[in-house]
Amino acid sequence: MKQQAIDPFQAVGDPNRRQMLKLLSKESLTINALAENFDMTRPAVSKHIKILYSAGFISIEDIGRERHCILKQSGFKQIQQWIDYFDQFWAVKLKKLEDILNEKAKNIK
Amino acid sequence: MTKMIKYNWFFEQSPEMVWKYLTTSELMAQWLMNNDFELAPGREFMFKSNPQPSMDFDGNVYCRILDIDPLKKLVYSWKIMQGQGKLMLDSIVTWFLIPKKGGTELILEHTGLDEWKNEMLLQAMNKGWDQNVRLKMGNLFNTK
């Protein structure tokens, strides 16, 4: 099952997919069991699962005759990485702006 | 609306001075990043910073001015491409300037990251998952 990589931010932008991740965070589920929680067609559920899979949020394993969806870490890590990065980025930049402005004010006096 | 990144910063300078540093290309380069910014509605511009190879980030930020309210508010899109022109991050940066006694309060909001702010996701991420997520799941979420 090879898929084109999907932006993890886009993947969790959808409330149904977030709900799926939430359910999977409690336990691994077969695709059928997961689908039972949603009022949508089986192909629609499959489409969401594919997106979550492509974005690295879940893996799909064949156990016995069933396909199981299992939560995976890579999608989550990527999001957290960007948020952490820009959080720190802005703190550093704002401090720098403050320093530059204060320095400038001192030179004028 | 939830905000993913928000900073309130106080400056001892006037809103005019802070605005100048937010909207003049050469001055922005001094504290933010090299850029080809020009204050005009709808204007597209770019920031260039050091690449971050660990994040597959080439250091370029692609922006477009979305809103200008002189001395009060500035909004621009903030996009990052990864790999072969794939849109990685599609977000919005908003600056608010509020005149205060003895200076200016500057509020920065980096949004568009909103949708991702889901308690469950953050909690899970903060716990620092290892590869054996399945085994740990029980412990993580039973503490709720």
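From the N terminus on, the secondary-structure elements of chain A run α-α-β-α-α-β-β-α, which amounts to 5 helices and 3 strands. The coordinates described here belong to a predicted model, and every value reported below is computed from that model. Of the 109 residues in chain A, 28% are buried, and among the contacts in this chain between residues at least 6 apart in sequence, 57% join residues at least 24 apart.

The strands of chain A form an open sheet of 3 strands in the order 1-3-2, with antiparallel pairing. Strand 1 (29–30) and strand 2 (58–63) of chain A stand at the edges of this sheet and have a single partner strand each, so that one side of each is left without a neighbour in the sheet. Strand 2 of chain A is joined to strand 3 of chain A by 6 bridges, the two strands running antiparallel, and within this pairing Asp62(A) has Arg67(A) of strand 3 as its bridge partner. Helix 2 of chain A packs on the sheet and touches strand 1, strand 2 and strand 3 of chain A, while its direction makes about 95° with that of strand 3.

Helix 2 (residues 15–26) of chain A also meets helix 4 (residues 42–54) of chain A, their axes coming within 10 Å and crossing at roughly 70°. An angle of 65 to 115 degrees counts as roughly perpendicular, and helix 2 and helix 4 of chain A are therefore roughly perpendicular to each other. On the side of helix 2 of chain A the contact is made by Asn16(A), Arg17(A), Met20(A) and Leu21(A), and on the side of helix 4 of chain A by His48(A), Ile51(A) and Leu52(A). By residue class, the contact of these helices divides into 4 nonpolar, 2 polar and 1 charged.

The largest nonpolar core contains 36 residues, of which Leu24(A), Leu52(A) and Phe57(A) touch the most other members. Two or more residues are given to this core by each of helix 1 (8–11), helix 2, helix 4, strand 3 (66–71) and helix 5 (74–108) of chain A, together with helix 1 (15–23), strand 5 (73–82) and strand 6 (86–100) of chain B. Helix 5 of chain A gives the most, with 6 residues. In soluble globular proteins, nonpolar side chains tend to be buried together. When neighbours within four places in sequence are left aside, Leu24(A) is in contact with Leu29(A), Ile58(A), Cys69(A) and Leu71(A).

A further residue of interest in chain A is Val12(A), which is placed in the loop between helix 1 and helix 2 of that chain. Val12(A) counts as buried because 24 C-beta neighbours lie inside 10 Å, the cut-off for burial being 20 or more. Although Val12(A) and Leu52(A) are 40 residues apart along the chain, their C-alpha atoms are separated by 8.0 Å.

Chain B has 4 helices and 7 strands, which follow the pattern β-α-α-β-β-β-β-β-β-α-α when read along the sequence. Of its 144 residues, 19% count as buried, and residues 24 or more positions apart account for 34% of the contacts in chain B with a separation of 6 or more.

Strand 2 (residues 34–35) of chain B is joined by 2 bridges to strand 3 (residues 44–48) of chain B, the strands running antiparallel, and Asn35(B) has Phe47(B) of strand 3 as its bridge partner. Strand 3 of chain B is in turn joined by 5 bridges to strand 4 (residues 60–69) of chain B, again in an antiparallel arrangement, with Tyr62(B) of strand 4 as the bridge partner of Met46(B). Strand 4 and strand 5 of chain B then pair in the antiparallel sense over 7 bridges, and in strand 5 the bridge partner of Ile68(B) is Leu74(B).

The hairpin of strand 4 and strand 5 of chain B has 3 residues between the strands, and here Leu71(B) takes a positive phi near 70°, a positive value in a residue other than glycine. With 16 other C-beta atoms within 10 Å, Leu71(B) is partly exposed.

Terms used:
Residues numbered from 1 in each chain as written. Chains lettered and ligands numbered in written order. Predicted model: local features only at pLDDT ≥ 70, side-chain atom pairs only at ≥ 80, totals over all residues. Pairing = 2+ DSSP bridges. Axes fitted to C-alpha atoms, helices over the stretch in contact; angles between N-to-C directions. Parallel < 35°, antiparallel > 145°, perpendicular 65-115°, else oblique. Contact = placed C-beta atoms within 7 Å. Nonpolar A, V, L, I, M, F, W, Y, C, P; charged D, E, K, R; others polar. Core = buried A, V, L, I, M, F, W, Y, C linked by C-beta atoms within 7 Å. Buried ≥ 20, exposed ≤ 12 C-beta atoms within 10 Å, placed from the backbone.
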